[in-house]
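This report walks through one protein model, part by part. Keep the sequence and the structure in view while reading.

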Amino acid sequence: MTPQSDPAFPASALPRRIAHLDMDAFFASVELLRYPQLKGLPVVIGGGRRRVDEALLAGHGERELRFIPVEEFPLLRDYVGRGVITTATYAARQFGVGSAMGMMKAARLCPQAIVLPVDFDEIRRFSRLFKATIAEVAPLVQDRGIDEVYIDFTDVPGGQREGGRALARLIQRAIFEKTGLTCSIGVAPNKLLAKMASEFDKPNGISVVQASELQGRVWPLPVRKINGIGPKAGDKLAGLGIQTIGELAAQDRQQLISQFGKSSGAWMHEVAWGRDDSPVMLESEPVSMSRETTFERDLHAVRDKAELGRIFTRLCEQVAADLQRKGYVAKTIGIKLRYEDFKIATRDQTLETHTADALRIRKVAGQCLKRVSLAQRLRLLGVRAGTLVRIGEAGVDAPKKFSAASGKAIAAAENPASYPLFQDGFLQGF
Ligand code: DCP
Ligand code: MG
């Protein structure tokens, strides 16, 4: 039930003030807490925990990490592999380095950047900590991902002051005191505009946007800044000569509907005019859980079948472990492949009953794999569990025992004679 439709939350008499908060260079900032000597330097996060890195840090006790000399950290220029950058400090971004960029390419742009691996446990710990800090100040918080939330300021005491700036400042300060991390906040009449506004003054900034500022501050932005307009829609709009949100707003609504369909076309027209009624939802559930991996080298379904099989099984086990740890079961299992030419293929299958069982996920994912071409070599493989339900809800009971079986056990449980089998460039029984 949304707060708006819940009689316990009557619609407020006050103007809506919605904030979007996004942590600054999140993964990198968390590493900088551990290694404060790297503050202000170009640092990128990416790649696995490499041997050189471990060797370097070995022998340094936890308490002494902050004394490791800067010269001893691994540099991007020495990186060899196919890792991708998850994020970069603002000092590194000045060189054009950023999220989703291959590390070898980044090394050409900023060879002197320091490379650190991701520590997911630490990331999750800080994610929970900053969200809990916000919840102490404002009760209506919607989780939007590892490092961002929406906050309804409307009825929070002081939430209307300076259009929300005062409360934003207070939250920013509270988070910094609790975690040592900075964030950026946008406050606006709705989620759509707040999400854009949080980017206006990054890092460590606050932007307050009023409805009257739509034309001056929002319309000049590219359409891709609208949360929900992805690369495909962006390209299609560009093909129609529509680059900015203002240009989108100037389009005839019917014209957009005929180009993009009834709901998308109408939605585009609404958001271009800065309109969005979607409520800040108290509880947000994950839509899916997935694991994927980019291979060190492109792998072929036939020539590298053993290696691919192992990786595939491990991904299924990881997805099962994620589901079990977080208390969810899934009804859809899917796969994702990226071929050597970077084209992507996805397939999924809906189950009769929910599961979080590694063996079952492996089996269904294997069936999905039979439905894609495997003539080309693969660059990436991913496994996804969707249509999630919390265990204990919607009539779903926790199974007595999940199998979190190892790859070997999974292989043995299936018919070893047919596992894995390949025919005509298509993977059979994989
Ligand atoms: N992330 C990732 N892969 C990506 C993009 C992001 O793993 N392609 C991770 C690393 C980021 C975190 O998610 O630290 C949050 O993503 P953001 O887009 O908010 O990026 P940052 O917080 O790093 O930077 P910014 O200051 O721009 O918000
Ligand atoms: Mg962020």
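Strand S10 (residues 328-339) runs antiparallel to strand S12 (residues 378-390), and eleven bridges link the two. Strands here are DSSP runs of E with at least two residues, helices are runs of H or I with at least four, and both are numbered from the N terminus. Two strands pair if DSSP finds at least two bridges between them. Within this pair, Arg-338 faces Leu-380 of S12.

The model is predicted: local features need pLDDT of at least 70, side-chain atom pairs count only at pLDDT 80 or more, and totals for chains, interfaces and linings use all residues. Residues are numbered from 1 along each chain as its sequence is written, while chains are lettered from A and ligands numbered from 1 in the order in which they are written.

## The four-stranded sheet

S10 and S12 belong to an open sheet of four strands. Its order is S9-S12-S10-S11, and its pairing is antiparallel. Strand S9 (288-299) and strand S11 (344-355) are the edges; each has a single partner strand, so one side of each lacks a neighbour in the sheet. From one strand to the next, the twist averages 15°. Angles run from 0 to 180 degrees between N-to-C directions, with axes fitted as lines to C-alpha atoms, for helices over the stretch in contact.

Helix H13 (residues 305-326) lies across S9, S10 and S12. It runs at about 160° to S9.

## Ala-330 in strand S10

Ala-330 sits in strand S10. Is it buried or exposed? Ala-330 counts as buried, because it has 26 C-beta neighbours inside 10 Å. The cut-offs are these: buried means 20 or more other C-beta atoms within 10 Å of a residue's own, exposed means 12 or fewer, and partly exposed is in between, with C-beta atoms placed from the backbone.

Leaving out residues up to four places away in sequence, Ala-330 touches Leu-323, His-354, Thr-355, Ala-356, Ala-385, Gly-386, Thr-387 and Leu-388. A contact means that two C-beta atoms, placed from the backbone, lie within 7 Å. Asp-357 is 27 residues from Ala-330 along the chain, yet their C-alpha atoms are separated by 9.4 Å.

## The five-stranded sheet

Another open sheet has five strands, in the order S5-S6-S1-S7-S8, with mixed pairing. S5 and strand S8 (206-208) stand at the edges with a single partner strand each, so one side of each has no neighbour in the sheet. Neighbouring strands are turned by 15° against each other on average, direction ignored. Helix H6 (residues 165-179) packs on this sheet and touches S1, strand S7 (183-188) and S8. The direction of H6 makes about 160° with that of S7.

Strand S6 (residues 148-152) has four of its five residues buried, so it is largely enclosed by the rest of the structure. S6 pairs antiparallel with strand S1 (residues 18-23) over five bridges, and with strand S5 (residues 141-145) over four. Ile-151 of S6 is the bridge partner of Ala-19 and also stands opposite Val-141. S5 and S6 form a hairpin, with two residues between them.

## Around ligand 1

Which residues are closest to ligand 1? They are Phe-26, Phe-27, Thr-86, Thr-87 and Ser-99, out of 14 that surround it. A residue is near the ligand if its C-beta atom, placed from the backbone, lies within 6 Å. S1, helix H1 (26-34) and strand S3 (85-88) each give at least two residues to this shell. Domain 1 (18-24 + 122-215) and domain 2 (27-119) each give at least three; the domain bounds come from an automatic or database domain assignment.

In H1, Phe-26, Phe-27, Ala-28, Ser-29, Val-30 and Glu-31 are buried. Their cover includes S1, strand S2 (43-46), S3, strand S4 (114-116) and helix H5 (120-137).

## Backbone details in the loops

Ala-25 lies in the loop between S1 and H1. Its phi is positive, about 40°, although it is not a glycine. Ala-25 is buried, with 25 other C-beta atoms within 10 Å.

Glu-162 lies in the loop between S6 and H6. Its phi is also positive, near 55°. Glu-162 counts as partly exposed, with 13 C-beta neighbours inside 10 Å. A cis peptide bond joins Lys-202 and Pro-203, with omega about -10°.
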